[in-house]
Amino acid sequence: MLAVFESAAWSGIGSIPGASLFVSVYDAVSSGISGISRTTEVNVPHITYSWSQATTASFAYVRKENESDDYQWLSYISTKVVAAVGYQIPSFEYENTDGQWVVVPTVTQGSRTIYATPSGYDSIYSAVMAYRDPYSYPSRATVDYIDISGPENKEVETIWPVSPQFPAHIY
Amino acid sequence: MKRACIVSLIVIAIAAVAYLAFSFNSLRIAVKSADYDPNDIAVLERGFNDNGKEFRIIKTRKGDNLALVYMEKNNMGFWTVSYTGGNTSPGTRLVSIGWFKNAGIRRYEVSENPSFSSEWHILYYGNNAIKPIDITPEQLPRGIAFNIQQAGSDFSIHLISYETPDILNQIDIHSLLIDTNCIKE
């Protein structure tokens with residue numbers, strides 16, 4: 001069935017599996033409308049969206065055991081993002097079992113939460129490895145962007161979370 | 001050279017006047033270009049949405065039918081029709097429209113995932129009241145705020161929820177108004 005929205009999040013090493021969401025019109029409206037199934041034909045003329053997000057950044061400093069904190073080095077930065085996407089379907093049509101198109105004029109609203117946590121987030125092991133071998137081990141595991149698309153894969157929005165290079169970038 | 005300057009100033013002045021005139025009337029122009037009645041407009045709600053853009057919910061007409069329209073001001077400062085509401089049920093004279101906005105992000109521990117809350121709005125408008133619209137909190141699910149405006153047979157009912165939107169989706173205002181003899185179809 002037609003999507004209300006789909007999400008996909010990306011980090012430097014590729015997509016973040018847990019952030020992929022697919023919300024169909026059926027998922028959005030089935031609690032309020034009987035006689036609709038996942039295979040029902042629907043015509044949704046217009047959906048509006050809104051989102052808000054919170055990014056958490058982790059900065060890992062590493063030093064050798066016999067050194068003081070003056071020698072600690074920012075070796076690894078990672079972020080995770082939680083985003084809430086709200087949607088609203090002002091009205092839509094669906095084809096009932098008799099083959100007739102039925103108008104659903106009621107406003108349907110809803111929201112879903114996207115959890116984008118890249119592999120290696122807040123990892124002490126990765127911080128130590130990046131300290132030991134900074135030229136071959138990645139020093140970042142950040143959420144670069146989250147794509148939100150609507151019906152028929154039409155792009156709706158791209159969320160660009162903050163991707164800090166050092167703590168003072170957070171404000 | 002002097003003549004070129006004068007012509008340039010006149011052109012700029014005309015452009016400025018045209019921009020101001022268009023900007024001042026852009027709401028009516030947008031309503032008319034979407035085939036709604038620009039002579040029957042009432043602003044019911046106004047504010048700024050999560051994109052930082054000014055919006056207005058207006059009541060107008062398309063032919064003989066009431067309509068609620070969500071208008072948004074674009075980056076140029078002109079109003080545009082974003083979307084419209086519909087009749088709550090086929091054949092009724094009660095129309096509705098919805099919108100929402102972020103209402104807060106909460107987290108106490110940095111290791112926790114934050115929780116989000118939203119303001120969910122649905123506005124109903126009708127022109128067939130036969131007595132004062134009277135809805136009590138007991139007739140609505142818990143956690144719903146509401147605001148009723150009425151002038152004679154015209155009325156609006158604005159519902160707001162800070163909980164899940166399913167609560168608003170499940171309220172049948174039309175049946176409630178019929179059952180309490182507030183409107184007549």
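Chain B averages a pLDDT of 88, with 98% of its residues scoring at least 70; pLDDT is the predictor's confidence in each residue, from 0 to 100. This is a predicted model, so local features need pLDDT of at least 70 and side-chain atom pairs count only at 80 or more, while totals for chains, interfaces and linings use all residues. Residues are numbered from 1 along each chain as its sequence is written, and chains are lettered from A and ligands numbered from 1 in the order written.

**Exercise 1.** Work out whether chain A is spread out or a compact globule.

*Solution.* Start with the elements: chain A has two helices and 12 strands (DSSP runs, H or I of at least four residues for helices, E of at least two for strands, numbered from the N terminus). Finally, check the spans: about 80 × 30 × 25 Å along the principal axes of the C-alpha trace.

**Exercise 2.** Find which strand gives the most to the side of domain 1 of chain B that touches domain 2 of chain B.

*Solution.* First, grab the bounds: domain 1 is 1-84 and domain 2 is 86-185 in chain B, from an automatic or database domain assignment. Then count: the contact (C-beta atoms, placed from the backbone, within 7 Å) takes 10 residues from domain 1 of chain B and 12 from domain 2 of chain B. On the domain 1 side, β1 (42-48), β2 (54-62) and β3 (65-73) of chain B each supply at least two residues.

Terms used
Rg over C-alpha atoms; globule rule 2.2 N^0.38 Å. Contact = placed C-beta atoms within 7 Å.
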